[in-house]
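Have the structure open while reading.

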Amino acid sequence: MTTSREKILAAAQANKPAETPLPNIPDFGGDASVERFTAVLAGIGGRAVWVEGRGQVEQALRQLFPEARLVASPLFAGTVAVDAQTPTAMLADIDLAVLQGEIGVAENGAVWLPEANMLHRALPTITQHLVLVLDHRRLVATMHQAYAQLPGTGGYGAFVAGPSKTADIEQSLVIGAHGARSLVVVLY
Amino acid sequence: MSHSLRAATFVADAERTTWHDETLWFVRQKRDKAVYAVPEFQELRELASQIKEHTLSRLDEYLKQFEAEAQLNGVHVHWATDAAEHNALVLDIIRQHGATRIVKSKSMLTEECHLNPHLLAHGIEVIDTDLGERIIQLREEAPSHLVLPAIHLKKEDVSDTFHLHLGTEKGNHDPQQLTEAARQHLRAKFLAGEVAISGVNFAVAETGGVVICTNEGNADLGVNLAKVHIACMGIEKLIPRLSDLGVFTRLLARSATGQPVTTYTSHYTKPAEGREMHIVIVDNGRTQQLGRPDFRASLKCIRCGACMNTCPVYRRSGGHSYDFTVPGPIGAILSPNIDMKKHSSLPFASTLCGSCTDVCPVKIDIHTQLYKWRQVLAEAGEIPTAKKWSMKFTGRLLASPTAFGMGGRLARTGLRLLPHGLTHATTVNAWAVARELPEPPKQSFREWYQETVKL
């Protein structure tokens, strides 16, 4: 008996058009400045904050989120320890997650967040508020440059651009759909 | 029932039709603003088109490569030739885990396969977690747009639905508060979800991974809390390389809603430790479309919805008037492949203005295909008798200078002499339903020309 796999592959092979070339994708250049990234991020509901060095991050966060009770972070001693085995009920109570971003994209305000930096895959979306810490030297202009710098996508990883949002009710923009209600990128 | 008959129900509410038209035009304007801000946008469209064409030209090989890479990543890969097989496969995976609580993020493929009713019939609770999809799920309606599934509803409608199902305050129409109510309601569903079903925006042959784009974060929250992830994809979602995503992520959200990128562009490549990931690859008529040279380019579609936002017919007739999973111009060229008889009126739901083709981020020749489907449908005898004979009659009339000249004289005289009530009788003249006929001129251009040249 022919399997569905064989049927589909045979039909695709029989019906496909003559081969056309795969184009090369140019770099296109572009503006990779902190100013551009900051402006675009603000336009999509996020916020960029500048600190002098990575050592200043914790202090800046205390000012930004004075009321955060349950804070998870691999970057400094938070108030709740999270790893891949942390039960869902505990994750659901987290107020703030502070994670290291790897690459920032100036054209769209996105930050690459690999699984290795997440503590738990669900943490970036289940936390009420999300902070991504990013070295400003890791800003690139476009998505082409971001993908060129990715060593790979690992098991899971996401470009996160601003806070969770929706416009499904009459096209009215509402920040804070299912994921984080706010997103701050701390640049150093 | 034809598109125009279903559209008649929609346009009966003139105020809502105008609102729908203006709202989608606003989305089109946001798209323009985002597009004009990228100097290389037209080059990106050409690249995207070429990448997709190339992928289709080697589709079987990329499918095999994708499968092999995904399996190396520890992902279970399944194949389904049609909707029934897809639904059976998904149900089987759910049953193997003894699960009954399912969270689902946006997937037009599972809509196309009618997965939800199938699961519900087998005692499985399936919750759509995209806000717009949840709204229409509660109302037991179908999505009316690719990316804005509840765009046919006003906030008052949503308020009534949430009051009924989620117990929100009656008469509270505030989108912020309605969204917050949905957030709380769906959080509980996310936390309890055993299996997460998602669609796929892009499947990368090189890595065996799938990419899912959302603004709400519902795919990530659902998938990353559940023990099992089932990603359902049509065979046309493939792209060859990770670097190709640079092109598509720059085009997708800008074309769809005018955003520079979706909030989450998530790459699922391997299951988390101790969890499972399944990918179901579905044909359901796609290889047949691949075999139609005039129409195969429709498989390049990345489901952005730009063609419907710009379409003067879609904007004024609403997504439900198409009665197909994918509405609008792209739906009108995909649907006859699935069922030529049922969807025979859709390629005629167009002015052939070409705006859909102009905004398509992967350069599908949508309006040309609409025109070509009309020929196919006419030859297959799938157009109404009145249309068929009036086309034949008009064809003969326009081909004969004598008949054309006589017809013109007859019409000019007739329009002057006959009463308005007769010339504009909507029973015989559908054109006059909402239009005035022009004032008849004294003579035709031909008569004027002959006179003028004689002088």
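Pro114(A) stands opposite Gly157(A) in β8(A). This is a predicted model, where local features need pLDDT of at least 70, side-chain atom pairs count only at pLDDT 80 or more, and totals for chains, interfaces and linings use all residues. Residues are numbered from 1 along each chain as its sequence is written, while chains are lettered from A and ligands numbered from 1 in the order in which they are written.

**The sheet.** Strand β5 (residues 110-114) of chain A runs antiparallel to β8 (residues 156-160) of chain A, joined by 4 bridges. Strands (E, at least two residues) and helices (H or I, at least four) are DSSP runs, numbered from the N terminus. Two strands pair if DSSP finds at least two bridges between them. The open, mixed sheet has 8 strands, ordered β7(A)-β4(A)-β5(A)-β8(A)-β9(B)-β6(B)-β5(B)-β8(B). At its edges, β7 (139-140) of chain A and β8 (238-239) of chain B each have a single partner strand, so one side of each is left without a neighbour in the sheet.

**Helix pairs.** Axes are lines fitted to C-alpha atoms, for helices over the stretch in contact; angles run from 0 to 180 degrees between N-to-C directions. Contact means C-beta atoms, placed from the backbone, within 7 Å.

| Pair | Angle | Axes |
|---|---|---|
| α16(B), α18(B) | about 35° | 9 Å apart |
| α1(A), α4(B) | roughly 145° | within 7 Å |

The α1(A) contact uses Leu9(A), Ala12(A) and Gln13(A), against Leu59(B), Asp60(B), Leu63(B) and Lys64(B) of α4(B).

Technical notes
Two residues are in contact if their C-beta atoms, placed from the backbone, lie within 7 Å.
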